[in-house]
Amino acid sequence: MNRSINFLKRQPAGRLITLGFAAVILLGTFLLLLPVSVRPDTSVSFIDALFTSTSAVCVTGLIAVDTYDTFTPFGQGVVAFLIQVGGLGVTSVGVGLILAVGKRVGMKGRILAQEGLNVTGVKGIVRLVKSVLLLTLCFEAAGAVLSFAVFIQDYPLPRAVGTSIFHSIAAFNNSGFDVLGGLQNLIPYESNILLNLTTCVLIFFGGIGFLVILDILRNRSFKKLSLHSKVVLTTSLVLLAAGTLLLKAAEDMTWLSAFFHSVSARTAGFSTCSMGELTNAGMFTLILLMFIGASPGSTGGGIKTSTFFVLIQSVRSLVTKKNFEAFRRSIPVDRITRAYVIALLSVLVVCISTLLLCILEPDLDFVQILFEAVSAFGTVGLSAGVTPNLCAASKFVIVLTMFVGRLGAFTLFSMWVDRPAPTAHYVEESISIG
């Protein structure tokens, strides 16, 4: 026992976080297989339970079985708990539990929380975790109250309360799960302005990251915000506007629906219309938004808005021969390298996942397969309607893609390398590019 504890203490933070997520997924799988979690007239296979648990912990929202029709209120509560743990991060929840019982958070716990929240330095990390937990509670409580005003019109009081709480947790954590039944997601509420806007606000703030929210609350002026916050907010708003215009141009949908799906495609996964009925142009627009995803330190996935911003700015800098800068600040060159590595690895993961699904599901259209693969990698949850009918092997491919997407391809591929950077270098020699 002591050897195991010492072994874990010696592991890098990224490796421990990965193991923590895997452990929670397996725990969730076991809980969802319990008879108390499954409705009497239904059954759940191991791969479907694993798929649901992974989708919840990775805050994706892709489903192999309908959450309401398959799981009891206890099982739905398990799914909501997994979404909450996955959205906040295993380390943040762990630190919160330590604080709740009145214990002191050690240095290893602080380092893990720092890695999980994607911040630099451990100074003030405990205070940051407390702020994150409080913000989450406030947003989800407000979202539940506003959602309740809608759901109480269609459901009895107990179910309206449960549905409102579940929806608020799923929306703020950018996970497209629903408990309405019938694989319908939010289609019945396509024209409900209150629920649409409430969901969009929860998704947006859950997707920009806790650091940005805290920065906004502290400074309350765009000029005073940090460079990171300016980049995240600017990129998010531009993508939101561009996505809305492109979807409206490509599809016969209302402005509200176009706006909603532009927000939701950025890793949330809720839909108010059938994705399988969209044109190729509409689906490709959503694919681009899903691949970019949310922002660092948020509950969402994708390559992240800041990575996309750095890629665009680096191209602009190279073409115009200007310094690599933004908002009157120079950006370190190593950020460019990291951004390109993240983008390249992400494209590689999507390509491998798509290729495997093409082999395993030869009867499906390529656009449908690519849509599912990008949705899984971006931890979005939007589906062209093919996920429940995939074979077990295809579902396992999606499970691995969701896991990689939630933790990040760069983190997973680099966590096994635990050595200092080399100090000796060979003589430079140029090669032709382009």
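These exercises work through selected residues and helices of the structure above.

The model is predicted; local features need pLDDT of at least 70, side-chain atom pairs count only at pLDDT 80 or more, and totals for chains, interfaces and linings use all residues. Residues are numbered from 1 along each chain as its sequence is written, and side-chain values use heavy atoms, leaving out hydrogens and water.

**Exercise 1.** Find S271 and decide: buried or exposed?

Solution.
- Step 1: Locate S271. It sits in the loop between α13 (255-264) and α14 (280-292). Helices are DSSP runs of H or I with at least four residues, numbered from the N terminus.
- Step 2: Recall the cut-offs. Buried means under 20% relative accessible area, exposed over 50%, partly exposed in between (1.4 Å probe, protein chains only).
- Step 3: Apply them. S271 has 9% relative accessibility, so it counts as buried.
- Step 4: List the neighbours. Leaving out residues up to four places away in sequence, S271 touches N185, L186, I187, F260, H261 and L382. Contact means heavy atoms within 4.5 Å.
- Step 5: Check one distance. S271 and F260 are eleven residues apart along the chain, and their C-alpha atoms are separated by 7.9 Å.

**Exercise 2.** Work out how α17 and α18 are oriented to each other.

Solution.
- Step 1: Take the geometry. Helix α17 (residues 366-377) and helix α18 (residues 392-407) pack at about 40 degrees, with axes 7 Å apart. Axes are lines fitted to C-alpha atoms, for helices over the stretch in contact; angles run from 0 to 180 degrees between N-to-C directions.
- Step 2: Use the classes. Under 35 degrees is roughly parallel, over 145 roughly antiparallel, 65 to 115 roughly perpendicular, and the rest oblique.
- Step 3: Conclude. α17 and α18 are therefore oblique to each other.
- Step 4: Name the contact residues. α17 supplies E372, A373, A376 and F377, while α18 supplies I398, T401, M402 and G405.

**Exercise 3.** Describe P388 in the loop between α17 and α18.

Solution.
- Step 1: Classify P388. Its relative accessibility is 29%, so P388 counts as partly exposed.
- Step 2: Find its contacts. P388 touches I63, A64 and K395, not counting residues up to four places away in sequence.
- Step 3: Look along the chain. P388 and L183 are 205 residues apart, yet their C-alpha atoms are separated by 9.7 Å.

**Exercise 4.** Classify S317 and list which residues it touches.

Solution.
- Step 1: Locate S317. It is in helix α15 (residues 305-320).
- Step 2: Classify S317. At 12% relative accessibility, S317 counts as buried.
- Step 3: List the contacts. S317 touches K322, N323 and F324, not counting residues up to four places away in sequence.

Conventions:
Helices (H or I, at least four residues) and strands (E, at least two) are DSSP runs, numbered from the N terminus.
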